[in-house]
Amino acid sequence: MGHHNAPRMSRRSVLQIAGGVAAAGAVGSSAAAWSGEPAAAPGAAAFTHPGALHTQEAFDRIAEKVAAGDQPWLSGWDRLTANSHSAPGRVPNPQKTIVRGGGEGENYWILYNDIHAAYQNALRWKITGDTAHGDTARDICNAWSQTLESLDPTYSESRLASGIYGYQFANVGELIRDYEGFDLRRFQELTKAVFYPLNSDFLVRHNGTCDTHYWANWDLCNMVSIMAIGILCDDQALFDEAVDYFHNGAGTGALANAIPFVYDDAGLAQWQETGRDQAHSIMGIGLMGTLCEMAYSQGVDLYAADDHRFRKACEYVARYNLGHDVPYTTYDNCDNVNQTAPGTGGRGQVRPVWERVYHHYAGRLGQDCPNMRETAEANSPRAAAATTAATAAASTSWASAPCSTFSSLAAAAAGPAMRGVTVDARDWRAVITAAQAGDREAMERLVAGWLPLVYNIVGRALDGHADVDDVVQETMLRAVHRLPALRDPDSFRSWLVSIAMRQIRDRARRRERQAAESRARADVPDGTVDFAETTVLRLQLEGQRREVAEAARWLDGEDRQLLSLWWLEVAGELSRGDLAAALGVSRAHAAVRVQRMKERLERARGIVRVLKESNDPKHAGCDGLRALLGRWDGRPGSVWRKRLARHIRGCARCAVSREEIVPAERLLVGLALVPIPAGFALSLALGGKTTAAAAGAGWAAKALAAFGKPVAAATAGVTLAAGGTALLVYERPADPAPRATASPAPPTSGRAGTPPASPPATSRPSTRTPSASTPPATPPGTGGPTSAPAARYGSVVDAVDSPPDPGRPPGSLPHRPERGVTSTVEPDVTLTHRGESATLRGRGYVLVRWQIVTAERGGSLTMPTWTGLEGRLFHAASGGGRRMDDVKPGGAGETWMESPDIGTTVLPEGTQQMWQSEFFWLDGAVTLHQNETGEDYNVFVQPTDHASILRDLHTAPDPATGIVRYGLVRDTGDNRTPVPQYLTRGRPADPATVPQRSRVG
């Protein structure tokens, strides 16, 4: 039987542990016993340093274990050092103002990436004493304390920023507080002037809402920040403020409100966000665990409060996420949220929060925590470690990240596994960037993390049709293929949703004829699963929420597509900008379309309500409705929606609702994604390739190999299966070849953090020589050849050229007129096989991005060709951060055109060396053909614009990200601009026969 909030206690009643931190691994009832007597709080002089998430005793112990090569400590250390954030020499990027929640002005990811780097480098310094890492952490902290002035308070999410980044940054400062050159006083002033005011104000006012309006995570992150800043600044008042709020606070972060119901007979307690979803419930466990651990470091035991209430909540959340049933009491807040069942969104996902709490209760205190034990062992690098190993080392917080934006030690390399949960693409920036660079693990996480969003969009838009699996698979396949061409990782969500909507629309066009035939036969396609019913069952919807899901059946195809987006927007999974981008319209136009769809949805809700009541014997029926339904075939649709809605509007009996109608948007707020069904399989093994083309290492190598790093050990297949959670399984060849890895470039001076000189990017000397008929190329960036200009279009053709200085910024790019370019296939085109082509029309810029898959086949490369030119086509610029023959930074000397097993790609004699991204300007029409015969390659074609090209060309070299050189401008602003090789106005039967240099003038 659950009981509600227990009587609150004073902060003065908390347990004070004599002597500061109890020895790690000490087990005894005296450390856990509740004395019941007031104890003196520590004075300012009593603060232990370092004494937030980590103590010096923990660092000494882990340094000894790592030096000895003991496991599992060494494997955890290896994961930390493999994370790019932990590399020394990072150049900080401090901002005066941080914005979170402000749309286009948002920049908060700049801050948290620098914090991650400072934290991980501080850890490496504390464990190894390597001052290169200490210098990096110090320089990042000093740069931000000198620059950062405010967190823009305009948006409510600024209070998330103040909490999350405040406690993260304070923890970094605590680790390096005595480091030479660290301006501790200025950093303390930063935390107290920028972060603390928002922390404290939020806990008092909650942005002007009622006290329990916000979820527990909002309160907790601000409580943790106040405590961390108090420790950093030796400020007893701040430390006490956090402890007092834990016991007596009015908001959801207070112990009794964060854990509102206790089931003593089961040893469990219900977490406040259980009815919301599991992602945030697990995050809350991490944040409260962080608060308790920091207090414990200072001798205050919050873990034990109210008969270890927090332990019972940890067991509850762990148990439910292991797939077991748990007791549940309906949760309500001051806004009447009224959650009647546990939320299933994100159930079973992995977050690095469990080892800390398990270590305390099982390791330090010897308590039985079966659910925490199973979760910690299954989800952490210590999977095979015994409890004794956890007792000896878990206090070092190998897996101490309390939320998805704070990396730490073993959890840092892998980060949070977001399977089954969709988050803001900006929170995935590092994963997206790593996947673009060829990180196979990052690609796994990316596909697994975003599959649920695509599944929900497609499933609801197609109303559970049997084609859902195919459309989802095609969407993910195209996204993986095109990921290298995505210029802005922060736009990933909008980009992915747009791909999904295009696939839905393409499927709709293909199905029009089949649908007509099906209607004539009055049958339903085999395998159809009603997505409305799926939503109801999997999200356990009741009442008017169920009514909204069922009303979707009555909408036509276009409205269902829009509903699939709007539903996710209201539920917090998409923004209005994402929705508008997916529709290809302005925000204003999107608002109009949404409003019209909502009107039709409300009419459909009325139909669902009336039909339900007409079948209820307690309500008197309507004779007119019965007569109308007598002609209905029982299949919901837009035609019968109009007929039934017309009757309801004109019927005094049917138009009367027996309950207050809640607007749909209020019903959908906070709803989780529909989990991927058991048995759902996403096979990317062939990815649409023919069997012959996909033989050998398969699609996975082709999709991953050219994303920046070679994947010589290519996989034989990729399968994403779901049984409540999504997992990626790779089948590896029997004898995989070693994978080349990149290491960060060392600093070029003795002081870490100093920007390196121009990266030592080099290109292999070309073995080709210009043919006798090939004139020299236009000198890069000079504005034209040194000879007299040729006014005739086509008189200058691309040719073999030498690589420019990698550190030399590009020249000025003339801005030619741009109306936009369209394709006969779709806006973004992937050409992967010989014989595939795309015809481009319009006036504007086009991006062609190269992917040479050396792990598949080597040899001579048959170049793509341009045919049927009408008008003009110029080669405007080259970019992407590298020529394909540049040597990869940190590798073994390979370029992006070779692999150790296959060899080097050979271009035809006289062919100009391609860059990763080539930019063209088109005025007219032309067809680009893929002519692959020997070397395996793909080209990704998409419209772009002048501003995007400039951003690409001017991206500064950064070897750590694979950017080894600035771009190159080729456009002279007139007809002296070169035209591409292999271009013709003709239309030959075999496009591969187009000569290298054609007459197009």
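Residues 24 or more positions apart account for 78% of the contacts in the chain with a separation of 6 or more, where contact means heavy atoms within 4.5 Å. This is a predicted model, so local features need pLDDT of at least 70 and side-chain atom pairs count only at pLDDT 80 or more, while totals for chains, interfaces and linings use all residues. Residues are numbered from 1 along each chain as its sequence is written, and side-chain values use heavy atoms, with hydrogens and water left out.

The chain has 1001 residues, and 59% of them are buried. Here buried means under 20% relative accessible area, exposed over 50%, and partly exposed in between (1.4 Å probe, protein chains only). The secondary structure comes to 30 helices and 19 strands; these are DSSP runs numbered from the N terminus, with helices being H or I of at least four residues and strands E of at least two.

**Cores**

Which residues touch the most other members of the largest nonpolar core? Out of its 113 residues, they are Phe169, Phe195, Met227, Trp271, Met288, Phe310 and Trp354. A nonpolar core is a set of buried Ala, Val, Leu, Ile, Met, Phe, Trp, Tyr and Cys residues joined through side-chain atoms within 4.5 Å. A second, separate core has 63 residues, including Val454, Leu563, Ala580 and Ala582. Back at Phe310, its contacts include Ile259, Trp271, Ile285, Met288 and Tyr361, leaving aside residues up to four places away in sequence.

**Helix packing**

Two helix pairs are worth a look. Axes are lines fitted to C-alpha atoms, for helices over the stretch in contact, and angles run from 0 to 180 degrees between N-to-C directions.

| Pair | Angle | Axis distance |
|---|---|---|
| Helix 4 (residues 108–128) and helix 6 (residues 158–175) | about 30 degrees | 9 Å |
| Helix 5 (residues 131–147) and helix 7 (residues 184–205) | about 55 degrees | 9 Å |

Where does the chain go cis? His49 and Pro50 are joined by a cis peptide bond, with omega about -15 degrees, and Pro50 sits in the loop between helix 1 (29–32) and helix 2 (56–68).

Asp307, not a glycine, has a positive phi near 55 degrees. This residue is found in helix 12 (residues 305–321), and Asp307 is exposed at a relative accessible area of 56%. Asn336 also has a positive phi, about 60 degrees, without being a glycine. Its place is the loop between helix 12 and helix 13, and Asn336 counts as exposed at 52% relative accessibility.
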